[in-house]
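Subject: Structure handover

Hello,

Here is the structure I promised to pass on. My notes on it follow below.

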Amino acid sequence: SADTMYLSWAFLLGCISGLGAVPLLMSWTTSIKHFDETDINNITSVTPTTTLAIAVDYHYKRGEFYYSEGIGRIYRGWLRRTEDTLQKPIVIAEVTLCDGLAVDWISDNLYWTDITAHKVEMSTLDGLYRRTLFNSSHGVDKPRGIVLDPSKGMMFWSDWGKNARVESSGLDGGDKQTIVSSDLMWPNGLTLDLNSKKLYILDGFLSKLSSCNYDGSNLSVIKVSKDTLQQAFALSFYGNRLYWGSWRHHTLFSMDIGSGNTQSIYKRTGAKVSDRMMGLKTVHPTLQNPSSASNPCEAAGCSHKCLVSRSISASCICPFGFTLQSDKKTCIEEGYLVVSWRKTIRRFNLYGKSEQALIDSTAAAIAIDYHLKKNLIFWSDIEEHRIYRAPLGQLNNKTVIVTTEQCDGLAVDWIHDVIYWTDTFHNTLEVAQLDGSKRKSIIYHNLDEPRAIAVDPHSRYIIWSDWGTSPKIERAVLDGSDRQTLISYDIAWPNGITLDLHQKRIYWVDGKLATISSCDYNGSNRKLHLSSDLFASQPFAINLFQDKVYWTDWKSQSLFKSSKDHITELTRLANYSMSILLRPNGVKVVHSSLQPEGVNSCAYINCKDICLGSADSSKGHCMGELEEETPDIDVRMSLSTQLTSDVTNSSISLTLSGNTPSLVAITVKCIKREGCSEDKLCSEGGEKLKVFTSQNTFKITDLLPATQYNVDFKSSEHNEIVQLTTKTNDQPEIPKINSVSVQDKVVKINWDPVDTCIPGFDFYHYRVKNIPTQEVVTEGQTNITEVNL
């Protein structure tokens, strides 16, 4: 077969006898590779191309490895590659420059050094429970290498700052000690002999290898050699051998500790100066044997997460937004703030402390909201014209759920599991399921500049602001019905809206009048809480929690907090430079009490289109037709007209029921084709805009097969944006064979490649006969031009 067969790590280990050789996991600047010492030609990349891979470690039992990149992220990959070849790595954490990382394979935690931030940090293997164990206030200067002995609850790290040293502590960050502080310059690499409890230290400047006990005693020099150790960076241990890589020589060395015999086992010829071996780990199950160590966390009784101390005792910790109680076991929810600062989204505790970057690569993040029960956060980016979704605390693992021109406001209905948003460019209020499917415009008439939006699924209301020529605050039922204007006077730029779910009040900020006001859900009992006479500002977003109100302000570039009843007593929680790049936008308090549970009236309705809450809490509202007959369900049509579609492999036909419109404008935008990570044809296709008059059926042709399109339908009778996918071709294009040759029992087949983005037609089969004593069947992907058998 021409299918590439990948040897698993388990198979490799099974081929190795004794302790003379072991698979190695190496991070070169451009990739992570695994290397079989018994076969120097067997070097396989286990990641896509990297920007600047540095540190690397693995979790043998889980089959995972972790690595850092110079672009400021820590990723997770998979040791055992599958038929899917290289899988997309998962972002675990945002960092600045991580030179060292280490896996706790007993408690499933990750530790790392950040040389630019002067920190030693940790998190779970999923990037949660992140905390700083040590920073510059603890004397951390330039931390680099880091290694763990989870069986002893110990961590060791090197620091090559002004006073180079090696330090240790418990895995919980307790009992920090300096164990080596003399005769060091660049302590780049550390590794452990877990059996003899020895620490090995590699100094790249002094070209020196040393060893000591875990407490720093019995420090001795093992080897000094500029020929093999000059500018050495990474160090690893297995059996009775040490392995290291040299920047100067682009060489991987191995040394027998007993005899001191050193040999070169791999040299990278033709390597550029920038292509260096950075991280190195020997891979073997005996190096991570959890059964050989007890885990005190198993009987600790921690309500959330446990770490191990140097004394092999348990230490309970809490997730962000929780506090540990006096029993040292129970975590109580306190809540925390999430703020979008245009180029970054960050979180703080409720006092503006413990700041953490959730993502530092946004183009122009504006609105944010979350679904706590599903552990999801949503945000809009007005430069990228998208709404993103990601796990809370892991925003780098984002996915696009909606493309929209300018979303200034969004709100999550956590009971009916839908998301609402405003589009200031198209002047619409839209809704979709949490994955962006079944998208629908529910308000599109008489909107000028819709901005903020909030939802109370218990009261069955959506409430939004409009800062156009006739600024106002409006309200409708969750399905867009019963639309009412609540506030239309003494209002100019109603930028932000939030709801008091218990008192049933609307709070809003006015960016032009520099005010904070509130009213009842029906617009009565209006109250002015803060005016420009008291504080000159330009507030943008607002949120409430318990008796406190939080808001962002553009003019002062700040995040503020105040008592809900005495807003004149302000506390500035955070602010950045006056650059527009860090202008504060959305703000949300994350707490379970802000999303109380309720009954989802759409749970048992099978709608072709989206189901929304209606004015009747016991009845869901299908915004279209039912999938099948469903008794005792109230189905109300939201529009007097309805748009239906018919899709082929190259065209989309739309039919509008009801009155014939006088003018229709249809924009068809190619999103991407299924199975294509980068779709050149789709991107070259761009948008197709067509204008029709006096018709009810509209056909768009010359489309790509198996391709997702956003269709924006606008008329005087009906406005709607739908996502449709064209069908695949019935007959795939068969590649043409150019030549077949046999040389030394090697069959070579050359053919013209075809479009590989059509799902279902990725593989083509050829039967090659007349081969002595056997018949060979070949399979090849169409983007491969030659197959060797």
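**The annotated stretch**

Residues 316–331 are 0% helix and 38% strand, and their end C-alpha atoms are 9 Å apart. Helices (H or I, at least four residues) and strands (E, at least two) are DSSP runs, numbered from the N terminus. UniProt lists this stretch, residues 316–331, as "domain: EGF-like" in an unreviewed entry. UniProt positions are in the numbering used here, feature names are shortened, and annotations may be inferred rather than shown by experiment.

**Ground rules**

This is a predicted model: local features need pLDDT of at least 70, side-chain atom pairs count only at pLDDT 80 or more, and totals for chains, interfaces and linings use all residues. Residues are numbered from 1 along each chain as its sequence is written, and side-chain values use heavy atoms, with hydrogens and water left out.

**Aromatic pairs**

Rings of Phe, Tyr and Trp (its six-membered ring) pair if their centres lie within 6.5 Å; planes under 30 degrees apart count as stacked, over 60 as edge-to-face and the rest as tilted. The count by this rule is 16 aromatic pairs. Phe134 and Trp157 are stacked, because their ring centres are 5.0 Å apart and their planes are at 25 degrees. Phe134 lies in strand E11 (residues 131–134) and Trp157 in strand E13 (residues 154–159), so the pair ties together parts 23 residues apart in sequence. Both Phe134 and Trp157 are buried (under 20% relative accessible area; exposed is over 50%, partly exposed in between; 1.4 Å probe, protein chains only). Phe65, Tyr67 and Tyr75 form one aromatic cluster.

**Three loop residues**

His284 sits in the loop between strand E24 (277–282) and strand E25 (305–308). At 17% relative accessibility, His284 counts as buried. Its side chain makes a polar contact with the side chain of Thr286 (2.8 Å). A polar contact is a pair of N or O atoms within 3.5 Å; within protein, one must be able to donate a hydrogen and the other to accept it, and residues adjacent in sequence count only if both atoms are side-chain atoms.

Arg460 is not a glycine, yet has a positive phi of about 70 degrees. Arg460 is in the loop between strand E40 (450–456) and strand E41 (461–466). Arg460 is buried, with a relative accessible area of 7%.

Lys504 is not a glycine either, and has a positive phi of about 55 degrees. The loop holding Lys504 runs between strand E44 (494–500) and strand E45 (505–510). Lys504 is partly exposed, at 31% relative accessible area.

Best wishes
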